[in-house]
Amino acid sequence: MRFFVTALFGLVIALLGYHGHARLGGVTASASKAPVSDHVPLVEQNFVKINRKGLSKMISDCFNLYYQYLSMANYFGRADVALPGFQKFFTTSAERELTRAKDMMEYMNKRGGTLDLLPIKKPVTGDFSDGRSALDLARRLSRKLNARALVNHNIAVSKRDPNLKLFYEETIIDGQVDVIKELGDLITRLDLMNKSQRGGLALYMFDLELQK
Ligand SMILES: *[C@@H]1O[C@H](CO)[C@@H](O)[C@H](O)[C@H]1NC(C)=O
């Protein structure tokens with residue numbers, strides 16, 4: 001009796017298994033017959049090639065900036081340089097660029113585009129110990145990034161892609177105006193303090209008094 005029950009149970013399992021397999025097979029067969037066009041990204045709409053490529057390039061630019069600023073932050077953290085303020089400034093700058101790169105990658109997926117990343121360049125290294133040369137480099141690179149964002153923005157406008165246009169404004173251009181202004185201010189103040197013989201430091205300290 002026990003043998004009979006076990007055999008019956010085995011038979012039921014086998015039948016269920018066969019049935020399940022057949023159903024799976026059916027799904028596979030019908031999927032393979034699906035037209036290729038079904039695999040085209042479902043969300044892509046009005047996101048033309050020149051805009052997709054421009055966005056990929058922009059993402060790579062931000063990764064390059066991230067790498068550059070990270071390397072500078074590390075430089076200012078060195079025991080023989082030891083400028084924690086500059087280290088903090090470049091750490092924050094690096095994080096901003098990484099956030100932008102990630103936001104753009106997410107946007108690329110949202111629009112159904114395919115990411116085409118470029119290799120990351122070796123950061124510029126050298127003697128930044130006066131602080132001024134590091135700020136100069138940052139200002140130059142920030143302007144370059146903004147110039148590219150403006151070009152991409154104009155292409156988005158000319159290709160009638162208002163969503164991308166707005167995205168560039170919110171992610172790069174609006175913030176970048178402040179970044180460039182801040183770098184300009186920092187450079188001016190550093191130069192002022194450096195003119196110590198001509199009362200530069202006195203003027204800087206006096207201005208701090210006025211801010212109280
Ligand atoms: C400060 O001024 C001196 C003399 O003009 C210059 O050599 C030096 O590079 C300046 N330092 C900074 C941080 O700008």
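What share of the contacts in the protein with a separation of 6 or more is accounted for by residues 24 or more positions apart? The share is 74%, where two residues are in contact if their C-beta atoms, placed from the backbone, lie within 7 Å.

**View 1. The whole protein, a predicted model.** The model is predicted, with local features needing pLDDT of at least 70, side-chain atom pairs counting only at pLDDT 80 or more, and totals for chains, interfaces and linings using all residues. Residues are numbered from 1 along each chain as its sequence is written. The protein has six helices and zero strands, these being DSSP runs (H or I, at least four residues, for helices; E, at least two, for strands) numbered from the N terminus. Of its 212 residues, 21% count as buried, that is, with 20 or more other C-beta atoms, placed from the backbone, within 10 Å of their own.

**View 2. Helix 2 against helix 4.** The axes of helix 2 (residues 49-76) and helix 4 (residues 132-158), which are lines fitted to C-alpha atoms over the stretch in contact, come within 10 Å and cross at roughly 170°. The two helices are therefore roughly antiparallel to each other, a term for angles over 145 degrees between N-to-C directions, on a range from 0 to 180 degrees. Among the residues making the contact are Ile50, Met58 and Leu65 of helix 2 and Leu141, Leu145 and Ile155 of helix 4.

Terms used. A residue is buried if 20 or more other C-beta atoms lie within 10 Å of its own, exposed if 12 or fewer, and partly exposed in between; C-beta atoms are placed from the backbone. Angles under 35 degrees count as roughly parallel, over 145 as roughly antiparallel, 65 to 115 as roughly perpendicular and the rest as oblique.
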